Amino acid sequence: MLEEVLAVYPEKAQKLRAKHIAIKEEGCSCAIKSNVKCIPGLMTARGCAYAGAKGVVWGPIRDMIHISHGPIGCGYYSWGMRRNLTQGVVGVETFSPMMFSSDFSESNIVYGGDKKLAQVMKEAKELFPTVQGISICSECPVGLIGDDIESVAKKSAKELDLPIVPVRCEGFRGISQSLGHHIANDAVRDYLLGKRERPEEVGPYDVSLIGDYNIGGDAWASKKILEEMGLTVKNVWTGDGTTEGMMAAHQVKLNLIHCYRSMNYICRHMEETYGIPWIEFNFFGPTKIAESIREIAAMFDETIQKKGEEVIAKYQPMMQKVIDTYRPRLEGKKVMLYVGGLRPRHTIGAYEDLGMEVVGTGYEFAHKDDYDRTFPEMTNETVIYDDATEHELDEFVRRIRPDLVGSGIKEKYVFEKMGVPFRQMHSWDYSGPYHGYDGFPIFARDMDMAVNSPTRSLTKAPWNKAKEV
Amino acid sequence: MSKAESCPTSNCATTCTTSCAPAGDTQAVLDWMATEEYKEKNFAREALVINPARTCQPYGAMLCALGIEGCLPFLHGSQGCAAYFRSALTRHVREPIAMVSDSMTEDAAVFGGQANLIEGLKNAYATYKPSIIGMFSSCMAEVIGDDMKSFIINARTQGAVPEDFPIAYANTPSFVGSHITGYDNMLKGLLNSLADTRNGKWTNGRLYVVPGFDLYAGNLREYKRMIKAMGIYMTMLPDPTETLDSPNTGEYNMYQPGTTMAELADALNASGFLFLQKYSTTGTQKFVKNVQKIATETVTMPIGVQNTDAFLMTLQQMTGKAIPAELEAERGRAVDAAVDAHQYIHGKRFALYGDPDLLLGLVGFLMEIGGMPVHIVCSNGNDAFTKEMEALLATSQYGAEGKVYSGKDLWHMRSLLLTDPVDMLIGDTHGKQIAKDAKVPLARIGYFMTDRVHLHRQPIVGYQGAINLITMLANIFIDEYDRNCPSERFEMLR
C-alpha cells in the first residue's frame, strides 16, 4: 500500500517520504523519521514556530497581553482559535480572548519596528492598567530585519514596571510549531520562572499541572481529579494560567505533564535547577486515568494513594455506565488519527475503553521521543505516519476505510465529503472537555454522534441507490 | 481634565502617569473603561492595534486563486502561513480548502527561496495535478526580496513544470493593505499572467463579472442567477462559489468548478467588465479600464433594494438587455418585506464594521428601511472610502448621526458602543465579545463567521438578500424583546 500511495511523488520526494511511514510489525525496531523539514509543494498540516509559541504556549496565560509583533495576519489567525478557556473579566482580568498587534506597515519593514514596539507596550499598559505582564511574539519580518526586541523589552519592563518577555518565535525558524514550543519554554525560563516567591511555604502536596491548555475546559477537568486526590494544584501551564503562577512555579513538589511535546523542556529545566521531579500522565478515558492516578499517587504518601483509590472507586460506576451505553454502538469500529502534541497516543486508551481500535496514527510535528512512546501503545499492523501530507492521508483513508477519522480543521471536510465520520481532535470539534472523568462521557457521546449519525445515510440520492441495486 | 480628578479611586496620586484605573476592583476598572475619558485615551492610540476587522493580503489572494477551475493556490513562503489561511477559510465555510506552500525556513531566509519554489512547483505539479497554479507571496518572501517572476522562469527551464504550464503570480506583502488588497493583486496577476492580449476591437460578447472579496457562496449564486435571468452571456471572474459550498456526494474532489482556463484566457476580449465591489478591486479596475480599454462599470455592492436596482440598471445599460418581469416581481417582494417589517427597524441605531464595500452596501440598505447607521468602523478603509461613506450618509436624514472611523479597530468600536449606545451591532464573529460587553445583539454579517453555521449560504445581495437581511434584523430585535421584556408585556403578537 505504501509504495502505491507514494508513487505519485517525484523520485526525491518519494524517497524522503518513505522514511516517515511505517507499519508496525511484531518485533520491529520501530524507527520512523521525524522532526525534519516539510517537503516544499506538498500539503502539510504543520504550522510554524509562531503558532507553537504564541498560539499554544503563551496565548492561554490570561493576565498577560501577548503582542503579535509584525504584520496583522499572524495575530488575526491565531486569535481565539485554540479554544483556551480562561476565567476572569475580559480586558481586566483576562486578555486571552483578545488580539493585540503592532501591525507592521511598509515603513516598519524599512526603518525597523523597535520604536513602534515600545509605543505599543506603553499604550497597552495605559489602556489596560491591570495587565500583569507582556509577551512579544515576533513574526517573520521582525527577525529578518534584525530588530532588537530584547533590548526594547528590557527598557520597557523598567518603564512600565511589568515583566516583559521577548519571544523569538519567527515563523521561519525551525520546521514546525515544535521549535516554537521550545522557544516559548526558554522564554518562560529566562523571564518569568523563579522571579517571584510566594509568601507561604511549599506544601507537601503542591504540584503544577503542565501542558494542559484548557481546550474546552480540559485543564479544569484535570485539575478536579488532582484536587480530589488531595493534591494542591498551584498553577496550570498554561491553560487559564497566570503570570504569578508562572513566576512562582519553582515552588512545588512535583510537576505533572500532560502534553510532553510542548513542555518537556521546562520540566527538565526545573528538575535540573530546582530539583523538582516530573512525570507524564494521561487523563483520557477511565483506564488511562486510573493508571495515571496510581502513578501520580505513588509519588506521594499513603494519604494521597488512599485518596487516589477513592477517586477511582468513586468514578468507576459512572464511567462503566458510559461504557455500557456507548460500547455496544462503537465496538470494533476502526479509527485513524492524525493530530499534534500528545493526542495521537494519549487518546488511544479512551478509544479502546469504548471498544474501538486505532488502526492508524501519526503526528504533525513529533520528535523521536514521541514515536518511542507511541509504538508500544499500538497493535500490530497499525499504520504510523509522520508529517503526513494531505495526499497520503486521503489515500490511507480511501484504502483502509476507517469508521472514524480524528484530525484537524484542515482535514475535517475532506473526509466529511468522502463520507467518513470525523471529529476534530485538536479542538474537540467545539465540544469538550475530553480530559478527566468530566471529559470521558463527552468524548464517548461525541464519537458515537460522529460514527452513528443518521445524516451519513443521506449521502446517496435514492434514485441513484436504486440504480446501483 | 486632570488625571487625579478623573481617577475613579482616591488612592491614585496626581503623579500617576500611565494609568488612573484602580487596581484590584474589577467593576471600577470596567466602569472606567466605559467612560469618555477612556474613549479619548483609546482613540489617542497610535501604534497598538486591538481586535482588528481585517487580515493580511495572501488570504484574499488565496480566495481569488480558488475561483479558477483546477487552480492550486501556492504560497511562496512559510508553511505556517498556508496552514493559517486554510484553517481560517475552512472555519468560515466548513469546506476543504486546498493550498500548498513551498515551506520556506531559515535556509531560505539566508539564501532566498528559489530552491524551495522550484522544488515546490515540481512536487505540487506531480502530486496534485493542477491545471494552473496561482502563486502569491508571504511577508517573509517579500522582506527578503524574492523575485517570483524569474524563479518561475528558472523552474520551467529546469523542468519542474512543463514550459507551457500556466502559472500566475502576484506579490502580496502582508505589511501592505489587507486581504482585499491581496484579492485585487492576485486578480490582476491572473489577468497579467494568463489572459491573452486583447484582440483589437473584437470581443467575445461576454460580460465578465467580478464579485470582489466575498465569502458568501449564496451571494455568488445570487449574482449568477440574476444575471442569467436577464439573458446575459456572462463569466464570473473569479468564481469560487463551488469551492465555498460544494455538494456532499461521498467523494472528495480537490478541485471544484470555477472560472475555466479558457474563460480566463479570453478575459481581455470581454465585451465589458462589471465590478460588484469597488475597494477590493481597485487595481484590477484600473488595469481593465485604463490599460486594456475595456468597457468597465463598478457598482456599490448590491445590498438592499436601491443598490440592487442600480446593479440591474447597470447590467441593462451595459448589455442592452431588459430587466425581466421575474426580477421586477422579486423587487416587489423585497419592497413588501421592507414595508411589512420596517416598524421593527425604523429609527433603530446601528453600529457596523467590516470591509469597505460591504459597509457601503449595508449603510445604503439600512437607511432605505429607516435604520440609522451611527458608528461605522472600517479597519481597512482609506480616505477615498471615508469620503464616499460620508457622502452616502449625507444623502439621507437617517444618516445624520453616522460617523466613519477608517483604520480603527474593534476596541475603538467598544468605546463607541459604551459611550454612545446603539440598538444593534452588525459585524462578524469577532464582534461578539464587545457586543456582549455593550449588551447589544450582534447581527452576523461579514466575512469571518466561525461561531454560527451556514450563514454564508444565504445571500445578502440582490432582492432576495434584502429580504434575508430584513428578516434577520427584525427577528433579532423581536427575539431580544421577547427575552428581556417584563412578563406583563409578553404577548403572542409582535
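Reply: The model shown here is predicted. Chain A contains 21 helices and 14 strands. For its 469 residues, a compact globule would have a radius of gyration near 23 Å, and chain A has 23 Å, so the value agrees with that expectation. Its C-alpha atoms fill a box of roughly 75 × 60 × 45 Å along the principal axes, and 65% of its residues count as buried.

Chain B, which holds the sheet in question, also has 21 helices and 14 strands. Its radius of gyration is 24 Å, which agrees with the value near 23 Å that a compact globule of 494 residues would have. The C-alpha trace of chain B spans about 75 × 60 × 45 Å along its principal axes. Of its 494 residues, 62% count as buried. Among contacts in chain B between residues at least 6 apart in sequence, 73% join residues at least 24 apart.

The sheet itself may now be considered. Four strands of chain B form an open sheet in the order β3-β2-β4-β5, with parallel pairing. In general, strands of a sheet pair through backbone hydrogen bonds.

Within this order, strand β2 (residues 71–76) of chain B pairs with strand β4 (residues 132–137) of chain B in the parallel sense, over six bridges. One of the residues involved is H76(B), whose bridge partner in β4(B) is S137(B).

Helix α10 (residues 179–194) of chain B touches β4 and β5 of chain B, and its direction makes about 140 degrees with that of β5(B). Helix α7 (residues 114–128) of chain B lies across β2, β3, β4 and β5 of chain B, running at about 160 degrees to β2(B).

A further helix of chain B, α5 (residues 79–93), includes R91(B). Is this residue buried or exposed, and how far away is the nearest side chain of opposite charge? R91(B) is buried, yet has no salt bridge; the nearest side chain of opposite charge, D429(A), is 8.9 Å away. Leaving aside neighbours within four places in sequence, R91(B) is in contact with M81(A), I409(A) and Y430(A) of chain A, and with M449(B) and T450(B) of chain B.

Methods: Residues are numbered from 1 along each chain as its sequence is written. Chains are lettered from A and ligands numbered from 1 in the order in which they are written. This is a predicted model: local features need pLDDT of at least 70, side-chain atom pairs count only at pLDDT 80 or more; totals for chains, interfaces and linings use all residues. Side-chain values use heavy atoms; hydrogens and water are left out. Helices (H or I, at least four residues) and strands (E, at least two) are DSSP runs, numbered from the N terminus. Buried means under 20% relative accessible area, exposed over 50%, partly exposed in between (1.4 Å probe, protein chains only). Lys and Arg count as positive and Asp and Glu as negative; His and the chain ends are not counted. A salt bridge is a side-chain nitrogen of Lys or Arg within 4 Å of a carboxyl oxygen of Asp or Glu. Contact means heavy atoms within 4.5 Å. Two strands pair if DSSP finds at least two bridges between them. Axes are lines fitted to C-alpha atoms, for helices over the stretch in contact, and angles run from 0 to 180 degrees between N-to-C directions. The radius of gyration is taken over C-alpha atoms; the globule rule is 2.2 Å times the number of residues to the power 0.38.
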